[in-house]
Amino acid sequence: MLFKKILAPMVAPLTLGAVIGLTACGDDSSNSNNANPVNPDPVINPDPSTTPTDPSTTPSTTPTDPTTTPTDPSTTPSTTPTDPTTTPTPTTAWVSPVPLASIANINYSTVLYQTWKPFHFVNMEDEALYYPELASEFDVVFPATYQPAGRVLWSAQTTGYYKNRCNDDDTTIPSLRYRACTVSEGVGYGMLLTMANGDTDAFVRLWNYSRAFREYNSTSTAKRYLTPWITYSFHFSEIDLSSATDADLDIATSLILMYYKTGQQAFLDDAKNIVNALWDAEVNKTSLLLYSGDTDVWNGGNGKEPVYNLSYFSPVALRLFAMVDPNHNWTGVLDAMYTYISKVQAAGTGVLPDWSNEAGVAANPDNGSADKTYWTFNKESVRIPWRIAWDYYWFQDPRALTVLTTLNNFISAKAGGDPNSKALAVQYSWDPAKNDATGNSAVPTQWLAAWCATGIGTNQAWLESCTGLVNGKSVTNNNSSYFTDILLGLYSSLLNGAFVKPFN
């Protein structure tokens, strides 16, 4: 029997009372990740004793269609509020003034999601069937308050530090996937992906996964609301409690958007706690740049200058934070980050490196993760076009358009205007004095999708052509495809219009 840490929460956990009755619109009709995607039933079953009774926070009738409005007039104003403590009216329609490709079709992203989920997402109940002895301790981290729960599976580790921490010796389990670890970025990506695809059951399960581990591993106010970077199944075995800023941004973003879609106060309450913790632990108060995490290796507490990751810059998140948190200067962070990304881009070849220092120069992080790639457009920076294009699609910030145009001009020239070119596979160097990296013999799906998104708002012909190429791709669903598959899902959702702004 493994040692059990005594669960001693710092504060009473948030309840699921505010989300009772939300209808799942995805493919999880029987608590199984292999369920038929048609007509799913909600499976949110919180402890009734935890359901809030305050009518000012709980609508008398919970909407099952996010385009409808809660009927309790005490919680629903007639117009979208400027006061973030009130409940908004979900919008019935929204059309971006920025065109996507004429062939954009939300069905592509829906099918992709339904193919992705059975392999990469697992419910706690299903995992318990594979490991009943381990499951006898699941309730240490996941009491009834944080059920139902689910997680996004990280790729099985065959080499490196996590090889013996994230796999199981039982070779009867296909691909070793049921005991792989979960990383917090996967929780954040998963919450955005399930939200975009209307899968409320999976969204709430991922939210509970984050909440349970935050509660269990809390050692301070900030730790109470920042998700541990890597966790082990649904179990309390500790691996790494440090946080990753991109995950915290995405989790909070998804909760704020779900609040605007549904009017459920519990989503906003948790988001605001995360936002406060983000400000306290993951913002450089001098420069207003976003640190990459909450530990010394990222904030300069180790005696070295901070190294920044521009793929953690989510303009949409910062805009939402400014809407719901008037106590901190999130607009200042947004402006500082846009100034910084422009400085980095202008100082090099036009592409963006994986890591850079405060001076805007590519720099090697002090964690050994990018010794041979930090100056290239690589596994970190491949996420940047999604975040910047999302901002331009929703908010038409001219700074976003400038970033996208510079990137698109660069890749269009390399590819001769053809997004089907193998030029999109190259890990281009930010530094004109350094060579491009090698390693991709074919164009990875997330590379194709990333370069495709640079056409939003700036190169419609490119966007038309490459959207068709992206929509011809599917998830790989293999033992090492966590990152490529989930990024393809996010890019596909953006390119096909699944990211719908729930307010005007």
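How many helices and strands does the secondary structure of the protein chain come to? The chain holds 17 helices and 7 strands, where helices (H or I, at least four residues) and strands (E, at least two) are DSSP runs numbered from the N terminus. The model is a predicted one, in which local features need pLDDT of at least 70 and side-chain atom pairs count only at pLDDT 80 or more, while totals for chains, interfaces and linings use all residues. Residues are numbered from 1 along each chain as its sequence is written, and side-chain values use heavy atoms, with hydrogens and water left out.

Of the 504 residues in the protein chain, 60% are buried; buried means under 20% relative accessible area, exposed means over 50%, and partly exposed lies in between (1.4 Å probe, protein chains only).

A helix pair comes next. Helix α15 (residues 445-453) packs with helix α16 (residues 460-471) at an angle of about 155 degrees, and their axes are 9 Å apart. Here the axes are lines fitted to C-alpha atoms, for helices over the stretch in contact, and angles run from 0 to 180 degrees between N-to-C directions. The two helices, α15 and α16, are therefore roughly antiparallel to each other, since angles over 145 degrees count as roughly antiparallel, under 35 as roughly parallel, 65 to 115 as roughly perpendicular and the rest as oblique. The crossing of α15 and α16 is left-handed, a term for a near helix turned anticlockwise from the far one by less than a right angle, with clockwise giving right-handed. On the α15 side, L448, A449, W451 and C452 take part, and they meet W462, L463, C466, T467, L469 and V470 of α16. The residues of this contact divide into 9 nonpolar, 1 polar and no charged; Ala, Val, Leu, Ile, Met, Phe, Trp, Tyr, Cys and Pro count as nonpolar, Asp, Glu, Lys and Arg as charged, and the others, Gly among them, as polar.

The structure holds 31 aromatic pairs, where rings of Phe, Tyr and Trp (its six-membered ring) pair if their centres lie within 6.5 Å, and planes under 30 degrees apart count as stacked, over 60 as edge-to-face and the rest as tilted. One of these pairs is formed by Y162 and W229, which is tilted, at 5.6 Å centre to centre and 50 degrees between the planes. This pair links distant parts of the chain, 67 residues apart: Y162 lies in the loop between β2 (150-152) and β3 (181-183), and W229 in the loop between α7 (221-225) and β4 (230-232). Y162 is buried at a relative accessible area of 15%, whereas W229 is partly exposed at 23%. The rings of Y308 and Y340 have centres 5.8 Å apart and planes at 65 degrees, so this pair is edge-to-face. Y308 in strand β6 (residues 307-308) and Y340 in helix α12 (residues 330-347) are 32 residues apart, and their pair also links distant parts of the chain. Both are buried, Y308 at 2% relative accessibility and Y340 at 3%. An aromatic cluster is formed by Y189, W386, W390, W394, F395 and F499.

Several loop residues deserve a look for their backbone. Most residues other than glycine have a negative phi, and most peptide bonds are trans. A cis peptide bond, with omega about 5 degrees, joins Q147 and P148, and P148 sits in the loop between α4 (138-141) and β2. S233, not a glycine, has a positive phi of about 50 degrees; S233 belongs to the loop between β4 and β5 (235-240) and is buried at 0% relative accessible area. L288, likewise not a glycine, has a positive phi of about 65 degrees. L288 is found in the loop between α9 (265-282) and α10 (296-299) and counts as buried at 16%.

Two further buried residues complete the picture. N217, in the loop between α6 (200-216) and α7, has a relative accessible area of 6% and is buried. The C-alpha atoms of N217 and P228 are separated by 7.8 Å, with the two residues 11 apart along the chain. S492 is placed in helix α17 (residues 482-495) and is buried at 2%. Leaving aside neighbours within four places in sequence, S492 is in contact with Y108, S109, L112 and N471.

Conventions
Contact = heavy atoms within 4.5 Å.
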